[in-house]
Amino acid sequence: MARRSDEVAWSDPALLILGSLASGPKHGYAIVQEVQASTGVTLGPGTLYGALPRLEQRGLVRPLPGEDRRRPYELTAEGARILRARLEAMQSFAARGLATLAPVTP
Amino acid sequence: MTPAARWALAAYPPSFRERYGEELEALVDDVTPSWRHTAGLVRGAAAAWLRPAFTGPDPTQRRMQASLTTVWAAWCAGFMLAPAIDKALLDPPGAHVDATVRRLLDVTTALWVAGWAIALTGAALVVARALVPALRARRWSVLRPLLPALVLLVVEAVGLVVLALATRSHDSRPSTTAVVVGTAWIVGLLALLVSSGLGPGATIRQLRPDVTALRLPTVLAAALSLCLAALTATASAAVVVARDATLAGALAPVAAVVIVGVVASVTATVSSARGVLALRARA
């Protein structure tokens, strides 16, 4: 399960996986480490492999030839497009939220 | 890896384990073991059964294959409902077993016969189109998953004869030998049902028949799932209408087979519908 101690979560596993693969192909454990380091969210194995097959099915990520039992995945062009659109929407949301929040901050 | 995590990994659907099993297992080995991870794996396994994702070079073939194996397993779990309810209500007939109950049981029996006809036709198609070519190519290993069911079938047939001989001379009170043989036979029957339900699925996964070979069996699987659903409905209706002393005496086993029948019917119907939809999308 994707876990973070925040009371208001934003951690959609699919988004976290796509975001992790933005910096290049990674296998499962590398994705877990990258997500933990960049967001503080711990993706459990069950959660990661609940989202990964669905991303592959929708053509947003693709598997690469495996190294022993570990198989790396990379973003597809469609996956990169979806990720960019989502991050831009979040950026816009964050900018607007921060601008609105500023006056009420003590 | 903890035994609980290993058990949770084994709970994923075969189609999932075939595609992602090794890499998921590697990840579980890499992360620090915790009960949260194990709970996440259990949730993941449940989600993979309820909303399976089929990927790879031919997802339609994998979807149809999964539908076939699921419907077959569901039929093996649910078909016993008909003879079990028939025995519970008619051996001997209770006070409330009227013409309506008998008619419902007749329909249940007819659906049972029709279900077996459909199931065996579908099985014969898979044998002719996939198993026979594999055996001609000397791929004997595809028979391995079927061996437990074949051995148990012979053992159970012999056990039935022994049971008939052991009970024949004791009309009023069964001997200890007859009770022991009878109990062993029932345990063996359950093992036969489980191995018959799971073995052919493992063989089909090894055979990997193409979509053309799976087309008609997938349609037949949909018909079989409807047959199982109708059989469960009529048998359950007979139980509700009868509600007599015979049924009250066997409430727990009757409730158990009805629940198994309902779960098997729902599983088979959902899975076969997904198989047919995948087939239609491909066409």
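This is a predicted model: local features need pLDDT of at least 70, side-chain atom pairs count only at pLDDT 80 or more; totals for chains, interfaces and linings use all residues.

Visitor: How many helices does the secondary structure of chain B come to?
Guide: From the N terminus on, the elements of chain B run α-α-α-α-α-α-α-α-α-α-α. The C-alpha atoms of this chain fill a box of roughly 60 × 45 × 40 Å along the principal axes. With zero strands, the count of helices is 11.

Visitor: What area do chain A and chain B bury between them?
Guide: The size of an interface is often given as the accessible area lost when the parts come together. Here 20 residues of chain A are in contact with 26 residues of chain B. Carbon and sulfur atoms carry 57% of the buried area, and the total is about 2100 Å².

Visitor: Which residues in chain A lose the most area to chain B?
Guide: The two chains bury about 2100 Å² between them. On the side of chain A, three residues together account for 34% of what is buried, namely A:Pro45, A:Tyr49 and A:Arg69.

Visitor: Which side chains meet A:Arg69 in a salt bridge?
Guide: Side chains of opposite charge can pair when their charged atoms come close. For A:Arg69 and B:Glu25 the N to O distance is 3.5 Å, and for A:Arg69 and B:Asp29 the distance is 2.8 Å. B:Asp29 belongs to helix α2 (residues 14-30) of chain B and A:Arg69 to the loop between β1 (61-63) and β2 (73-75) of chain A, so this pair joins two chains. The partners are B:Glu25 and B:Asp29.

Visitor: How many salt bridges are there between chain A and chain B?
Guide: Over all chains, the structure holds 11 salt bridges. Between chain A and chain B, the count is five.

Visitor: Which residues do ring pairs link into a cluster?
Guide: Over all chains, the count comes to eight aromatic pairs. Ring pairs in chain B link a cluster of B:Trp72, B:Trp75, B:Phe79, B:Trp112 and B:Trp116.

Visitor: What accessible area does the nonpolar patch of B:Val154, B:Val158 and B:Val162 have together?
Guide: B:Val158 is placed in helix α7 (residues 147-168) of chain B. With B:Val154 and B:Val162, this residue forms a patch on the surface, and their accessible area together is about 240 Å².

How values were computed. Residues are numbered from 1 along each chain as its sequence is written. Chains are lettered from A and ligands numbered from 1 in the order in which they are written. Side-chain values use heavy atoms; hydrogens and water are left out. Patches are made of residues with over 30% relative accessible area and no salt bridge: like charges are joined within 9 Å, nonpolar side chains (Val, Leu, Ile, Met, Phe, Trp, Tyr) within 5 Å. Accessible areas come from the Shrake-Rupley method with a 1.4 Å probe; for residues, only the protein chains shown count as cover. A salt bridge is a side-chain nitrogen of Lys or Arg within 4 Å of a carboxyl oxygen of Asp or Glu. Helices (H or I, at least four residues) and strands (E, at least two) are DSSP runs, numbered from the N terminus. Rings of Phe, Tyr and Trp (its six-membered ring) pair if their centres lie within 6.5 Å; planes under 30 degrees apart count as stacked, over 60 as edge-to-face and the rest as tilted. Contact means heavy atoms within 4.5 Å. Buried area is the accessible area (1.4 Å probe) that two parts lose on being put together, summed over both.
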